[in-house]
Amino acid sequence: SLIQENHWFSLIMWCQVRLTGTKYGCGIGGCGACTVMISTYNADSKKIRHYPANSCLLPLCSLYGAAVTTVEGVGTTTTKLHPIQQRLAKCHGSQCGFCTPGMVMSMYSLLRNHPEPSMEQIAAALDGNLCRCTGYRPIMDSFSAFSLECCPLAGSGKCCMDKEGGKETKGSDSGLCKPEEFHPRDPTQDYIFPPELIVSDQFSIYICCKCSCNKLRTTWISPVSLEELLDLKATYPDAPLVVGNTSIGLDMKLLGIWHPVLLHPVRIPELHVVTMRENGIVIGAATHLAQLRDILLSLVPELPAEKTKIYRTLLKQLRTLAGEQIRSLASLGGHIVSRGSVWDLNPVLAAGNAVLNLASIDGTRQIPLNDEFLTKVPEADLSPMEVIVSVFIPFSQDDEFISAFRQAERRKNAWSVTNSAMKVLFQPGTDVIEDLAIFYGGISGTTVSAKNSCLKLIGRYDRVNFFFRFYLEVLHCLKMMYPFQYPDLPKEYMSALSEFQEKPPQGMQIYQDVNPHQPPQDPVGRPIMHESGIKHTTGEAVYVDDIAPADGQLYMAVVTSTRAHAKILSIDVSKALEEPGVVAVVSAHDIPGENGDEHEKVLAEDEVIFIGDIICGIVAETYECAKNARSKVKIEYQDLEVILTIEEAIEHNSFLTKEKKIEKGNVEEAFQTVDEILEGEIHVGGQEHFYLETNSVFVIPRKEDGEMDIYVSTQDATVVQELVASALNVPANRITCHTRRVGGAFGGKSTKPKFFATAAAVAAHKTGCPVRFILERDDDMLITGGRHPLWGKYKVGFMNDGTIKAVDLEFYINGGCTLDESENVLNYVLLKCPNAYDIQNFRCRGRACKTKLPSNTSFRGFGFPQAGLSAETWIVAVAEQLGLPHDQVREMNMYKTVTQTPYKEEIDPRNLVVCWEECLEKSNYYRRRQAAEEFNKQNYWKKKGIAIIPMKYAAGFTKKPSNQAFALVHIYLDGSVLVSHGGSEMGQGLYTKMLQVASHELKIPLSYIHNYERTTATIPNAFKTAASIGTEVNGKAVQNACQILWKRLEPIMEENPDGKWEDWIKEAYEESISLTATGYFEGYPTYMDWEKGEGHPLAYYIFATACSEVEIDCLTGDHKNIRTDIVIDAGFSINPAIDIGQIEGGFIQGLGLYTMEEIKFSPEGQQYTLGPDTYKIPAVCDVPEHFRIYLLPNSRNPVAIYSSKSMAEAGVFLGSSVFFAIRDAVAAARKERGLNCNFTLDSPLNIERIRMACADQFTEMVKTFP
């Protein structure tokens, strides 16, 4: 026996103190950032099992006898890199890098079990890993090199599939992975399983886990025999059994459920049994779901096909159930007994007549896994003293058919919205139903049975349409078994039988190579690896929460409003202060200076204005103590009027801004001359940033002069410094902000971090101690806003040939409770809403609505993704009204020659036309459209759609001061160079490009140059890193500083032309020449006069065209992304690898915006979508099977540094090509059904909207409510 304290905290907490490579992303096992590899030894089989696991779910006490490998154990820069790490970095598979250690560990766990994995296994290994930056394609490219199924030259430009028509494109380079540079895998590099852990399980483990915060004790008991387990269950009948902690652990964490005793039965042999019987197999209840999958995969080929129908159906569900980490932890028994409504295996097991083998001290018995068990009918359930020992899963019969169905917001690693399993047994040789079972999940608190319907159908013929797809499957199977007894299915119905086949994504990247005369050491224009890429893969890249604890450090958790709009009547913190470990409670009264700015407060005082408004902070010795004490704060409210939607805001005249307008030509007069006029509207939903690193602050007060160091994950260190100084009532020069890197931002860490930093700074000021404030995922999503929802109305006048003569647009955006960035977002909505279309008579107006939701803020694309979707909607409406091809109407109305925009700025759109024509050609658009149309004729329930979308995008800010930048460059006596600038590295490769600029200007190798962190101590007053222009403006500043230094060094170099760089530097020092220079860029001369509706608000334009093809399932609303081609005018790319990565990542983020990501609120303003379990961003399974990026060659941009263009935001809107491809497929279905094809689809175009738009006899059965 072993009795210890403080072992209940999770493995991730231990890792954060000692091994910071393991990242804390969500805390509920949904993102994969915290993945580690667990290795265990089985004394009976004498085998070692390696598997990936979410360390945030693993209690330390569950790891007795296990070896844990974190990313530091795979490879480091000081020892040796593992090929996984090397390939991922060199293939540009990391951007912000926060998710990267988890990716490495998932792949490493796979390779330890399967040294030569299949592509299917690689894709499955990443099911549980999310990335918000890369778009996944480079990750899959780098890992595919480990599979024998993948061409070793794929992605290198040397594979025949990477070449245009089998030939290299002249002057271009293809592919960003260079397999010839990869080191082979060396198995001797892997750690062996520790010999001291190869012992038999002879002793039971008793661990007393005490939480120092709430004085509660939990006893963790791990018995080694079934007899002992049954004795324990008799002694502690209410004690739950914990195997993987994927259910009980979440209940304890999220719901505050406490269990005094937990039983951990993983070392009991009977619970891991796998036995073949003459009528089925017996599987131990503690068998992990990944093990169950492997068992079935090996079993199915060995048995007659007619016996394995239920096993194959289970395998089908296991492929999409959760991620590999959860599958490796969760157990079969736990899955069954927890009886979740959307658990995918229970309906199959119930339909397949599975039997549960139970045991207690009173003996053993069997109960069927049926509807009564699933609904917890007492007579059919376990008694408190019983445990599930094993599960019997019978063989299927000759005349028995079983199928399962599920639909989820994401195809993999997402809870089902609904699921079902159905089984029918016919009387031998007939079509008379002998037995029928239908189970549904997702419509009640647990899985339910359609028992009454089944009873009515037994004894009848199978031609009753009890469920359409299952009916067709059974009929088809009967036809195969008895070909002369059953008719053929109608050809058009066959498409209802097939399901989407998963194919790992394959990419192609075409970019212009550098001039062959360019010196080899000059990195500009080359696909240089991210400067932190290797550190990302080894876990050595340091983020805010990785900084070592400071002496006396405290932790903060915040108390937030539970009301959307209310007066605060009282706040009672007395009980919270009595909690063990609590040091202080910080409220608005503790702020010595200003509480926020003119628009928003740091801590609420008299009124709360949204659910999530921060009222006070609990400061304690540990984060758990601070978090637990939050519930002790008692707040009394008086509710006030709540406005949540755009429609409500308009009704109550609740706005954040005045109406703004841009107008060109005479709209009203033009409407009098057109052939037709159409009016309509579109709603575009919001979007969560879902950066992998949540908002993070670490404040360290100094001992003198009121100085303070703020380590903060932010895009704008300057405003953090300003607000903290204002709140503490000290000069700004006493506050130093530090940002080494940011784990993703996308606009979401532009305005909010200053409030979090100020709250933590006030806590540090009050306590005199360092304060660490790291937001949990649910708090981050609750408190911060995201992309603005938009309601757009349009009126379009056009001629019969498709020429659009007049457009009148009206926009409303939901700004939330404070101004934040809403006015700027509205500006960009109005400036960019025509997209690529030259409309001579054009008017747009807009306002930002004030509601009682979290303040929406800047987000990648800054209003254009919403406005651009609106533009394409009215283009499609015109095309459908006239019966013309969409691409024809788009091309007809596109900018083509030098002209003026609606705000009177000159535009040269020739590269827009080139991108359009190139994309038509490279995507084989017309041939593929014809093929899609032919496919649609042959398939009634599956439809393909294809769409090609042009884009005119502009980067930068509309005011010149916002475009300025600063730099500081030092040259040291050994010749090394230190570069500082005002930009924040967020994964966009800014630091890498700054190294390239300095290397080019100083004509020295990259190895000589180092980037210093973003800090207000070296670069004051820098504007935020946003709007995609970080490289351009900071690059100009760095270039300026380097050119100053070069000019100073020129006389020295002329005197000694054969000298080395180090010699010149030493000589310059001897001649008293300064080796430090500041650089400055005053900014693009942009401006906008909103009174006149004209100006030069945008520095230059980025043109692109995207073509996407999809296939939809009309019965379920699911869709598959088949192919995307993007041709984009990137100017002269400073770093093609980084720019292509930004395009791909932006595209996938846009795909999420337009097809799956949906923020949901209650009628009271409570956000429902507060984590990866309820809010789904794209995963590997959502990447187009063929993803091709072409950077337009021979393009130049005279405005920006080295003739480059910004790419970080441009890709988001191109994701709308998937939206309109889906719409095209839906239109094909509607046309075949004789329905109107001029319809509007709102965004996100998720499974429900797709399904209901494919109207048919089944959707007519759905009741609709006002």
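I started at Leu-358 and looked for the residue across from it. Leu-358 stands opposite Arg-365 in E11. This is a predicted model, so I read every pairing below as a feature of the prediction.

Next I checked the strands behind that pair. E10 covers residues 355-360 and E11 covers residues 363-368. The two run antiparallel, and six bridges join them. I then followed the chain from E10 to E11. Two residues link them in a hairpin.

I moved to Asn-357. What stands opposite Asn-357 in E11? I found Gln-366 there. Asn-357 also has a bridge partner in E12, namely Ser-390. I noted E12 as residues 387-394, paired with E10 over five bridges in the antiparallel sense.

I asked how many of the six residues of E10 are buried. The count is six of six, and I logged the strand as mostly covered. In a regular strand the side chains alternate between the two faces of the sheet. I sorted the side chains of E10 by direction. Val-355, Asn-357 and Ala-359 point one way. Leu-356, Leu-358 and Ser-360 point the other way. Both sets are buried.

**Entry: the sheet from E13 to E16**

I turned to an open sheet of four strands. Its order is E13-E14-E15-E16, and the pairing is antiparallel. Which strands stand at the edges? They are E13 (400-408) and E16 (448-449). Each has a single partner strand, so one side of each is left without a neighbour in the sheet.

I looked at the pairing of E13 with E14. E14 spans residues 416-426, and nine bridges join it to E13 in an antiparallel run.

**Entry: Thr-694**

I looked up Thr-694 in the loop between E25 (676-684) and E26 (696-701).

I listed what Thr-694 touches, leaving out residues up to four places away in sequence. The list includes Gly-25, Lys-749 and Ile-774. Leu-775, Glu-776, Arg-777 and Asp-780 are also among the contacts. I also took a C-alpha distance from Thr-694 to Gly-748. The two are 54 residues apart along the chain and separated by 9.9 Å.

**Entry: the loop between H29 and E38**

I went to Ser-1007. This residue lies in the loop between helix H29 (990-1002) and strand E38 (1009-1011). Its relative accessibility is 65%, so Ser-1007 counts as exposed. I checked its distance to Leu-995, twelve residues away in sequence. C-alpha to C-alpha, Ser-1007 and Leu-995 are 9.2 Å apart.

Lys-1003 is found in the loop between H29 and E38 as well. Lys-1003 is exposed, at 52% relative accessible area. I flagged its backbone: phi is positive, about 60 degrees, although Lys-1003 is not a glycine.

Ser-1072 lies in the loop between helix H31 (1061-1070) and strand E40 (1076-1081). At 69% relative accessible area, Ser-1072 is exposed.

I then checked the peptide bond from Ser-1243 to Pro-1244. The bond is cis, with omega near 10 degrees. Pro-1244 sits in the loop between helix H34 (1216-1232) and helix H35 (1247-1253).

**Entry: the whole chain**

I counted 35 helices and 45 strands. Why is the chain as compact as a globular protein of that length? Its radius of gyration is 31 Å, close to the 33 Å that the globule rule gives for 1266 residues, so I logged it as that compact. Along the principal axes, the C-alpha atoms fill a box of roughly 90 × 75 × 70 Å.

I noted that 63% of the 1266 residues are buried. I also looked at contacts between residues at least 6 apart in sequence. Of these, 77% join residues at least 24 apart. The chain exposes about 46500 Å², with 51% of it from carbon and sulfur atoms.

Last, I checked charge. I have 122 positive and 154 negative charges, and their mean positions are 2 Å apart.

Definitions and conventions
Residues are numbered from 1 along each chain as its sequence is written. This is a predicted model: local features need pLDDT of at least 70, side-chain atom pairs count only at pLDDT 80 or more; totals for chains, interfaces and linings use all residues. Side-chain values use heavy atoms; hydrogens and water are left out. The radius of gyration is taken over C-alpha atoms; the globule rule is 2.2 Å times the number of residues to the power 0.38. Buried means under 20% relative accessible area, exposed over 50%, partly exposed in between (1.4 Å probe, protein chains only). Contact means heavy atoms within 4.5 Å. Accessible areas come from the Shrake-Rupley method with a 1.4 Å probe; for residues, only the protein chains shown count as cover. Lys and Arg count as positive and Asp and Glu as negative; His and the chain ends are not counted. The place of a charge is taken as NZ of Lys, CZ of Arg, CG of Asp or CD of Glu. Two strands pair if DSSP finds at least two bridges between them.
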